[in-house]
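Please read the points below beside the coordinates.

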Amino acid sequence: MTAFLISLAVLIGGYFIYGLLVDRIMATDPARPMPAITRRDDVDFRPLPAWKVFLIQFLNIAGLGPIFGAIMGIMFGPAAFLWIALGTIFAGAVHDFCSGVISIRMGGASLPEIVGHELGTGIKQVMRGFSVLLLVLVAAVFVITPAGLLASMTPAWLDSSVWVIAIFAYYILATLLPIDKLIGNLYPLFGFALLFMAAGILGVLLFSGIDIPVSFTDGFQSRAGLGHPVFPMMFVSIACGAISGFHATQSPMMARCLSNERLARPIFYGAMVSEGIVALIWAAAAVAFTGGYEQLAAYMNAEGHSTGSLVHDVAFGWLGAFGGILAVLGVIAAPITTGDTALRSARLTVADFMKFDQSSLWRRLAVALPLFAATALVMTIDFSVLWRYFAWSNQTLSVFTLWAITVYLARHGKPYIISLLPAMFMTAVCVSYLIAAPSPEGFGCSGSTALGTGVAVALLLTLMFCYYKRRLTVPTSNFNAQ
């Protein structure tokens, strides 16, 4: 229990202490003209109440990652708690907050335009394709998983194929309609279910005398077995609960709806901290409910059991029928509210680089139709393969974003160390994972080779950054003008 409470305190305290420091470094300005006002089109650019923007951002980023990823990640042992807490505060929240603020200052620009502006035209072209591919992967993953969960809770004739069609139809509407029509009205309901779920499980953990068998004194070695070392595997398994490149594709979408830049910290940094808390709760719940690491592994390996069934058993076992239904609805809502905005963000990204106005429904449909077709095609790929490629590409996108933020801060004479260190770390993680992962997703090399290559690439990029940094610096007075 002590390890859980320490991690929870770090998350909450980090928002108020480190979050404020990062906010001051970015120098958010309440007087800045906001793209929601200056570019208002009542489709994508539209001021929304702060509470709605928070819930949309939170639900956008809180898919199954902080739940399923955290449940699988706790098998790496106490290191999972540390990564969720420290990764969220020093990497994930910085990543989400800074990308959102930079988007505001670039008129609501999408992620590839932000990265391209800081890292060059060549990188921009790569990022355009890479980010759209990731968003399509996200949409495909988050059609299949909630469809399976819904099929397990409904009559046999409502099988997963029926739910796939229903969820995909909803995604089409959410991608095409003005943001306040469907997303803005449904998200408060979904948000309540997800927050109730997290609060309910947290209450049981804190006040029901349940033991959480995780202690920092037990050591930080992996409990996941051979072939699953803490580095780099855990840092890819637990993505959305610590840092996720996908989030930076969502921050610009909400940057188009904020009415004041001073709201950026509670919206972007706060939503990431909230997601970290959700991940921490489910990591603790998984090991506490089953009784330990070995028992959790045995549960997951039993016939008919899965991460989804564990979520179901925890929810109904701890919260009763009514609470369990709300909790499971929250778990179902989380991926759906990520998948719909993934496709919406893909549409905006494509429209941005094509400079194609989106005020007309037919123009939005022209951009979206190829994306719908690509998502349907990707859904035919085996889910386990799909998830592995999604996990690596997701974290790789965060690397591009963190380096772009670092260049942005250096160019404006600001303390870029806040993004440089996580950029170096995540570079080492992603390169090491690619070298160590088995074929076909990786090269299947030894752990020492993977670690050495990852560290070498991170140091090389850092040296390149230091060499070119002098050319980037501009007068500090320009910082608030962009």
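1. Aspartate 42 is partly exposed, with a relative accessible area of 32%, and arginine 40, at 43% relative accessibility, likewise counts as partly exposed; here buried means under 20% relative accessible area, exposed over 50%, and partly exposed in between (1.4 Å probe, protein chains only). These two residues form a salt bridge whose closest N and O atoms are 2.7 Å apart, the term denoting a side-chain nitrogen of Lys or Arg within 4 Å of a carboxyl oxygen of Asp or Glu. Through shared partners, salt bridges join Arg40, Asp42, Arg46, Asp180 and Lys181 into one network.

2. On provenance, this is a predicted model, in which local features need pLDDT of at least 70 and side-chain atom pairs count only at pLDDT 80 or more, while totals for chains, interfaces and linings use all residues. Residues are numbered from 1 along each chain as its sequence is written, and side-chain values use heavy atoms, with hydrogens and water left out.

3. The structure holds 13 salt bridges, one of which pairs the side chains of aspartate 23 and arginine 265 (3.6 Å, N to O). Because aspartate 23 lies in helix H2 (residues 18-26) and arginine 265 in helix H13 (residues 264-290), this pair ties together parts that are 242 residues apart in sequence; helices are DSSP runs (H or I, at least four residues) numbered from the N terminus. Both aspartate 23 and arginine 265 are buried.

4. Arginine 256 forms a salt bridge with aspartate 352, with 2.8 Å between the closest N and O atoms. Arginine 256 counts as buried, at 4% relative accessibility, whereas aspartate 352, at 22%, counts as partly exposed.

5. Helix H19 (residues 447-472) has 26 residues and reaches 36 Å from its first C-alpha to its last, close to the 38 Å expected at 1.5 Å a residue, the expected span being 1.5 Å times one less than the number of residues. A kink of about 30° is centred on cysteine 466 in H19, the bend being the angle between axes fitted to the seven residues ending at a residue and the seven starting there. The buried residues of H19 are Ala450, Gly454, Ala458, Thr462, Phe465 and Leu472.

6. H19 also gives the most to the lining of the second largest pocket, with seven residues.

Terms used: Helix = DSSP H or I, 4+ residues; strand = E, 2+ residues; numbered from the N terminus.
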